[in-house]
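Student: I should like to go through this structure by question and answer. May we begin with the place where its chains meet?

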There are 2 protein chains.
Amino acid sequence: MKKTIRSLSVPLVVWCALMLTCVSVFADADPLPSWNPGPHKNAIITFVQAVTVKSSAKFVPAAERIATFDNDGTLWGEQPMYVQLVFALDRVKAMAPQHPEWTTKEPFASVLKGDLKAVMAGGERALLEIMMATHAGMSTEAFDQIVKDWIATAKHPKTGRPYTEMVYQPMLELLTYLRASGFKTYIVSGGGIEFMRPWTERVYGVPPEQVVGSSIKTQFVMQDGKPALMRLPEVNFIDDKDGKPVGIQQYIGRRPIAASGNSDGDLQMLQWTAAGPGARFCLYVHHTDAEREYAYDRTSAIGKLDLGLDEAGKRGWTVVDMKNDWKVIYPPKR
Amino acid sequence: MKKTIRSLSVPLVVWCALMLTCVSVFADADPLPSWNPGPHKNAIITFVQAVTVKSSAKFVPAAERIATFDNDGTLWGEQPMYVQLVFALDRVKAMAPQHPEWTTKEPFASVLKGDLKAVMAGGERALLEIMMATHAGMSTEAFDQIVKDWIATAKHPKTGRPYTEMVYQPMLELLTYLRASGFKTYIVSGGGIEFMRPWTERVYGVPPEQVVGSSIKTQFVMQDGKPALMRLPEVNFIDDKDGKPVGIQQYIGRRPIAASGNSDGDLQMLQWTAAGPGARFCLYVHHTDAEREYAYDRTSAIGKLDLGLDEAGKRGWTVVDMKNDWKVIYPPKR
């Protein structure tokens with residue numbers, strides 16, 4: 001017996017040494033390699049450690065570790081135009097042969113002529129008309145396929161890269177880091193929920209059931225004995241501003257302990273998150289990098305960040321300076 | 001070296017033997033001990049094996065293993081009255097001191113007199129008025145606490161047991177078995193989403209974010225600089241019949257591969273589930289046990305199962321016969 005233990009002791013020592021090495025490699029590995037050292041990176045890591053270390057006074061059970069992320073301008077780019085609007089305009093062009101009346105009917109005529117200024121002059125009403133014409137009138141399954149086909153080929157006008165590669169590498173790392181720390185990561189976006197679901201799992205690791213977004217109504221119908229969900233040209237829910245906490249409660253039913261956004265449209269989500277008890281983490285992505293991305297905030301038509309920037313300052317939220325905090329903006333080309 | 005291997009070999013053999021014993025214990029353990037042997041129990045196990053065994057032609061990746069369950073009459077009892085209606089009537093009585101006008105105003109006057117027949121004579125309109133008066137007008141957090149306080153003390157009129165113990169033990173085992181097989185289990189109920197969320201995790205192991213239900217609208221407000229979500233007396237969504245597939249798409253964004261219900265209100269959910277590709281499992285709980293529970297189906301005012309029973313027969317869905325399929329109805333008393 002003694003012999004057995006002695007002869008076992010050698011491999012055991014090796015085994016223990018190996019385990020310790022592994023543990024220390026994991027502990028030393030930087031979970032956010034694309035983030036420059038500094039107070040913002042520190043704030044993230046300090047928060048995650050506070051809520052995950054069991055002996056911490058701020059420990060939060062895994063089930064309650066909910067983190068929500070805006071999408072446009074927070075996880076992927078939104079300049080020079082919301083990606084979903086590009087999609088809608090492309091769809092008008094693709095659908096035009098079936099709609100000869102569009103050549104003379106606004107706002108479609110201007111879209112087909114490529115006169116975006118005239119389209120925008122039509123205001124919200126024109127945009128809503130374009131959205132409904134391109135997003136409704138088909139089954140949920142058909143729309144899913146339309147989105148998948150479009151996103152597989154569409155390219156950003158400035159970089160020529162697919163939109164799904166115009167995502168922010170440092171934010172991908174934050175998503176991964178939070179999930180590795182027991183968080184459930186959700187998207188809570190003003191964008192269309194069914195425009196995001198077909199690709200968020202592949203691109204962000206966020207499954208369809210963890211996407212909250214704006215929606216149109218759907219109707220259950222039987223077509224030749226086969227059930228379908230038809231998309232109706234009627235707004236169901238707008239997941240923006242005041243709507244974000246409403247959407248969070250409706251879909252998740254728990255208050256997040258961490259939330260990230262980039263515009264005034266995310267302010268109420270951050271306020272709702274910050275107002276809960278215990279440790280809280282609120283982050284604004286501030287678009288400060290005109291060279292590698294775009295620089296915009298208080299006066300931008302897209303992703304305006306004005307009230308939010310003031311409130312973040314007052315409340316000590318983490319305001320990420322894209323230019324100085326991020327080593328890279330996008331993931332390497334595939 | 002040879003010596004080390006030889007001396008290691010003894011514990012290794014023991015280790016392997018232990019592992020094999022464990023594996024075989026797990027394989028032999030009955031995942032559904034409260035289900036009597038027979039075709040219905042077999043149908044469940046055959047389906048689960050078909051979608052989880054990697055070499056199976058019907059294998060489904062874990063991420064797509066979504067199972068939805070109706071609540072009233074499927075996971076817990078709904079006789080002699082929906083539990084949420086009992087809650088609403090109790091709330092009218094509790095709130096009456098703050099509403100002196102209710103002593104003469106219908107349907108509240110009849111509720112306070114205990115004249116349920118007169119309340120029911122008021123039809124849907126009376127019920128809606130009672131629901132709105134008792135479910136709206138407070139914050140989501142306040143309502144959560146009201147539900148928690150009520151469910152902790154309310155008792156079933158026939159058995160005297162808490163409602164959270166009037167759940168079906170065989171269905172608890174089915175939930176556990178599916179989760180152990182990599183499924184995400186969801187509740188998809190006509191009941192109020194915020195009436196279920198405060199206790200579904202404790203009772204069913206289903207977290208708030210996996211509960212789909214009917215809802216009223218909420219509004220984000222600032223009260224003395226603190227954000228709150230106020231519950232408004234306005235219907236937002238009815239998660240019943242045609243609404244169930246709509247709710248499933250809205251909340252989950254994937255079609256379930258398994259669904260369980262007990263009434264015609266679940267028929268569209270089962271149709272929607274059954275119509276997808278690959279292996280599918282649809283289950284109806286048929287209330288056939290007048291002695292241990294209640295016996296009702298085609299003509300019942302609560303939980304009517306008529307069209308669904310016909311369709312289940314035609315399509316070969318599993319129709320559970322509570323009297324003969326279930327060894328016990330409720331879990332043992334705590």
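Student: Which residue of chain B forms a salt bridge with A:Glu209, with the closest N and O atoms 2.9 Å apart?

Tutor: A salt bridge is a side-chain nitrogen of Lys or Arg within 4 Å of a carboxyl oxygen of Asp or Glu. Side chains of opposite charge can pair when their charged atoms come close. In this predicted model, the closest N and O atoms of the pair are 2.9 Å apart, and the partner of A:Glu209 is B:Arg254.

Student: With which lysine of chain B does A:Glu209 also meet in a salt bridge?

Tutor: A:Glu209 is placed in the loop between α9 and β3 of chain A, and the pair crosses to strand β2 (residues 184–192) of chain B. Helices (H or I, at least four residues) and strands (E, at least two) are DSSP runs, numbered from the N terminus. The N to O distance is 2.9 Å, and the lysine is B:Lys184.

Student: How many salt bridges are counted between chain A and chain B?

Tutor: Over all chains, the structure holds 30 salt bridges. Across the interface of chain A and chain B there are also 22 residue pairs in polar contact, both residues at pLDDT 80 or more. A polar contact is a pair of N or O atoms within 3.5 Å; within protein, one must be able to donate a hydrogen and the other to accept it, and residues adjacent in sequence count only if both atoms are side-chain atoms. Between chain A and chain B, the salt bridges number 8.

Student: What area is buried between chain A and chain B?

Tutor: Buried area is the accessible area (1.4 Å probe) that two parts lose on being put together, summed over both. Carbon and sulfur atoms give 54% of the area here. In chain A, the residues that lose the most area to chain B are A:Glu209, A:Phe220 and A:Gln250, together 18% of what that side buries. The buried area is about 3,400 Å².

Student: How many residues does the contact take from chain A?

Tutor: Contact means heavy atoms within 4.5 Å. Chain B gives 43 residues. From chain A, the contact takes 43 residues.

Student: By what rotation is chain A superposed on chain B?

Tutor: Copies are superposed by least squares on the C-alpha atoms of residues with pLDDT of at least 70 in both. The RMSD is 0.0 Å, with 0.0 Å of shift along the axis. The two copies are therefore related as by a two-fold rotation axis. The rotation is 180 degrees.

Student: Which element of chain A has the lowest mean pLDDT?

Tutor: pLDDT is the predictor's confidence in each residue, from 0 to 100, and chain A averages 93. Where pLDDT is low, the predicted coordinates should not be read in detail. With a mean of 48, the element is α1(A).

Student: Which residue does a cis peptide bond join to A:Glu106?

Tutor: Most residues other than glycine have a negative phi, and most peptide bonds are trans. The bond from A:Gln79 to A:Pro80 is cis, with omega near 0 degrees. For A:Glu106, omega is about 0 degrees and the residue joined is A:Pro107.

Student: What conventions apply to the numbering and the values?

Tutor: Residues are numbered from 1 along each chain as its sequence is written, while chains are lettered from A and ligands numbered from 1 in the order in which they are written. Local features need pLDDT of at least 70 and side-chain atom pairs count only at pLDDT 80 or more, whereas totals for chains, interfaces and linings use all residues; side-chain values use heavy atoms, with hydrogens and water left out.
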